[in-house]
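Here is a brief report on selected local features of one structure. Have the viewer open while reading.

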Amino acid sequence: MSAYNPLLRLLRARSAVAPRLCRKVTTWSPVGAAFNAQVVRRPDLFRKNVGLFGVPELSSTEGFDVIQERALLETDQLVEKACSSSPGAVTVETFDKLSDSLCRVADLADFIKVAHPDPLYREAAEKTCINIGTTVEKLNTNVELCKSLKNLLDNEEIMAKLDPETRRVAELFMFDFEISGIHLDEKQRKEVVNLNVRLLDLNNQFLMGCHMPNRIDKRALPHHIHQHFTNEGNYVQIGGLHADAPDDLIREVAYRIFLYPNGEMMHTLEELLSCRNKLARLVGYESYAHRALKGTMAKSPDTVMNFLQLLTDKLKYRTEKDFEMMKDMKTKFNPRNADLMPWDHPYLSGVIRAERFNIEPSLYSPYFSLGACMEGLNSLFMQLFGVSLLAEQLNAGEVWSEDVRKLAVVHETEGLLGHIYCDFFYRPDKPHQDCHFTIRGGRRLDNGQYQLPVVVLMLNLPHPTRSAPTLLTPAMMENLFHEMGHAMHSMLGRTRYQHVTGTRCATDFAEVPSILMEYFATDYRVINQFARHYQTGQPLPQSMVTRLCESKKVCGAADTQLQIFYAVLDQIYHGKPQSRSTTDILIDMQQKYYGLPYVPNTAWQLRFSHLVGYGAKYYSYLMSRAVASMVWRQCFHKDPLSRETGERYRREMLAHGGGKEPMLMVEGMLQKRPSTEDFVDALVSDLDPNFETFIMDSES
């Protein structure tokens, strides 16, 4: 029988994957071929179902009960160990094992509940998330468990002997206890638990409502625009802002109807903000924003507001000029109705960019096949970190959709660093957003080995066809680089503790590695390594890259100002309670921090879904971009492919996850502690035109 084994393995491999490659000119590397092929996986009777992510129990939905029960049993044992052990490093190690045991189930289930196409899997995962969440709530209010950690933190002699990462992780675990009201009496602790339970419901209600369409009687709208919306009997249904519609009337109608206030949603938002404030005050914070910003780079609401105000002041003149350009463009299109309105901003800024720089995404897409972009990432990571992306064959039952790919991340000397599952292609029931999910965090095991991280990257790209691979627009290509930045943060981190692995760090730092990747994605020295026409093999002309980069600066001040407005609104909503409605606050902040007029009978805040996941932290995108800009300019701009700089970047920033204070990591990379003014100057300087590229473009 043994003589047949090699042949059997070969047959299995061939029957599992039958790719049809689309490239017509040159040969793709293995990683490029893996993503530029139409993969057809035929049923394989030889292979055993290994379960989702290789977890055998998850070959069926019943497996969620099994892995959940196992985690809860392990949790009980670890709680007992933590409470009976003498204070020391073992205390933190036990707490981290406890966190890891629950997170390995909760994180996996959290992904499956939104991504799996089978509703039975989604339902089973949702129940698991709820049960694990309930357990976490109980643990965070377990007085004896907290006391075991407090005994360590109060012992100065033992704490002094611990390494900095262990001390920080101990403090982070204590913070989890504190925000759960562990220091309160029993009655108040119950109130904290009840508020957290209520907030889970309110968060879900608000998120669902944010994306629900509004509808209006057909007779209320001109007949000729009905075709642009979803028709439902006697009603027209509007589920978005239609910001790219060339017709002013379509954009205006969509804006007014989609943002029309909903009384039930208004009540949900107000109760959500009220519960958050009560919770924060109950556990000893001045406001929810004060609680949310502890441990971040910003540290306090005052710092955030100072940053946003200073940025507004620095951008004032540029923003006014941007709005003047848009108004001139609108006057050209529609001289009878030339007032600039909020529904005009996204469309007109895009028109101005395209007109000024001849930016047409379809001209770029042939150079950005998905396989070429993955080759580019592979090449970049090899040059910066000595890391390769290797396409791995999937086992039966390992993934939730047949078009998912799996990458092994391998270092030239350290070996396998972890795995990335690439769920890149559109599915009807898939969330329409680009995301990074941690499935398993990295940590040092008792035997000295390392628990390898596992992550999923989710995009919504078009499928390859028989005649062409998946072709990306420039925006899609940048999003791919952005999400891969998150993935490499997870892969290259080598924290001792799972609790601070990879992207488990302060929100205003977590976006730095991903945004930094956007700078690589727009540098010609990087792009030139992979951007080739999928049919001719010709490289993307440098002048096209130049125009693309410069086009982003057009109306950039107005775009940034809009983000400032959103961030300010988020801060005010989560600050001290005010005796006015959320709409009144919006009207006031829109006037002060945006510039375009409020439209009566609209409530944009009811579509602000980031209030749930980024409550009091929406500013993080801007602050992270400022840090990424400074790192790029100071460290990578001269040579974006420098191995020396790449290794320093890994050593100073990526390796620590959340195990080191974020500002210390930034300071280590920049060799200085940046001020708020430095952050602002970095964002403003990104908008400065590059006159050298103008000259080069005109010469070409």
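## Aromatic contacts

Ring pairs join Phe323, Phe565, Tyr566, Tyr594, Trp604, Phe608, Tyr614, Tyr618 and Tyr621 into a cluster. The model is predicted. The count of aromatic pairs comes to 32. One of them is formed by tyrosine 566 and tyrosine 618, whose ring centres are 6.1 Å apart. Their planes meet at 75 degrees, over the 60 degrees required, so this pair is edge-to-face.

Where do the two partners sit? Tyrosine 566 is in helix 22 (residues 556-573), and tyrosine 618 is in the loop between helix 24 (610-613) and helix 25 (620-636). The pair therefore ties together parts that are 52 residues apart in sequence. Tyrosine 566 has a relative accessible area of 13%, so it is buried. Tyrosine 618 is buried too, at 8%.

## Charges over rings

Two arginines sit over aromatic rings. The charged end of arginine 215 is placed over the ring of tyrosine 235, 4.0 Å from the ring centre. Arginine 607 covers the face of phenylalanine 258, with 3.6 Å to the centre of that ring.

## Enclosed and open space

Rolling a probe the size of a water molecule over the atoms shows where empty space is left. How many cavities of 30 Å³ or more are there? The count is 1. The largest cavity holds about 80 Å³ of space. It is lined by 13 residues, and those closest to its centre are Phe385, Pro513, Met517, Tyr649 and Leu654. Helix 16 (370-385), helix 17 (474-492), helix 19 (512-521) and helix 26 (643-654) each give at least two residues to this lining. By class, the cavity lining has 11 nonpolar residues, 2 polar and no charged ones.

The second largest pocket has a volume of about 400 Å³. Its lining counts 19 residues, with Phe53, Val55, Arg104, Leu108 and Arg440 closest to the centre. Helices and strands both contribute: helix 3 (63-84), helix 4 (89-115), strand 8 (415-425) and strand 9 (435-440) each supply at least two lining residues. The pocket lining does include charge, with 6 charged residues beside 10 nonpolar and 3 polar.

## Helix 14

Just past the helix, asparagine 358 adopts a positive phi of about 55 degrees.

## Positive phi in loops

Most residues other than glycine have a negative phi. Which way does the phi of cysteine 555 go, positive or negative? Cysteine 555 has a positive phi, about 65 degrees, although it is not a glycine. Cysteine 555 lies in the loop between helix 21 (542-551) and helix 22. At 1% relative accessibility, cysteine 555 is buried.

Glutamine 671 also has a positive phi, of about 60 degrees. Its loop runs between helix 27 (662-670) and helix 28 (676-685). Glutamine 671 is exposed, with a relative accessible area of 61%.

Serine 59 belongs to the loop between strand 2 (37-38) and helix 3. At 36% relative accessibility, serine 59 is partly exposed. Glutamate 398 is 339 residues from serine 59 in sequence, yet the two are 8.3 Å apart in space, C-alpha to C-alpha.

Technical notes. Residues are numbered from 1 along each chain as its sequence is written. This is a predicted model: local features need pLDDT of at least 70, side-chain atom pairs count only at pLDDT 80 or more; totals for chains, interfaces and linings use all residues. Side-chain values use heavy atoms; hydrogens and water are left out. Helices (H or I, at least four residues) and strands (E, at least two) are DSSP runs, numbered from the N terminus. On a 1 Å grid over the protein atoms alone, a cavity is a set of points where a 1.4 Å probe fits but cannot get out, and a pocket is an open set with protein on both sides within 12 Å along at least five of seven lines; lining residues have an atom within 4 Å of a point. Grid points are joined across faces, edges and corners, and a volume is the space filled by probe spheres set on the points. Ala, Val, Leu, Ile, Met, Phe, Trp, Tyr, Cys and Pro count as nonpolar, Asp, Glu, Lys and Arg as charged, and the others, Gly among them, as polar. Rings of Phe, Tyr and Trp (its six-membered ring) pair if their centres lie within 6.5 Å; planes under 30 degrees apart count as stacked, over 60 as edge-to-face and the rest as tilted. Buried means under 20% relative accessible area, exposed over 50%, partly exposed in between (1.4 Å probe, protein chains only). A charge sits over a ring if NZ of Lys or CZ of Arg is within 6 Å of the ring centre and within 35 degrees of the ring normal.
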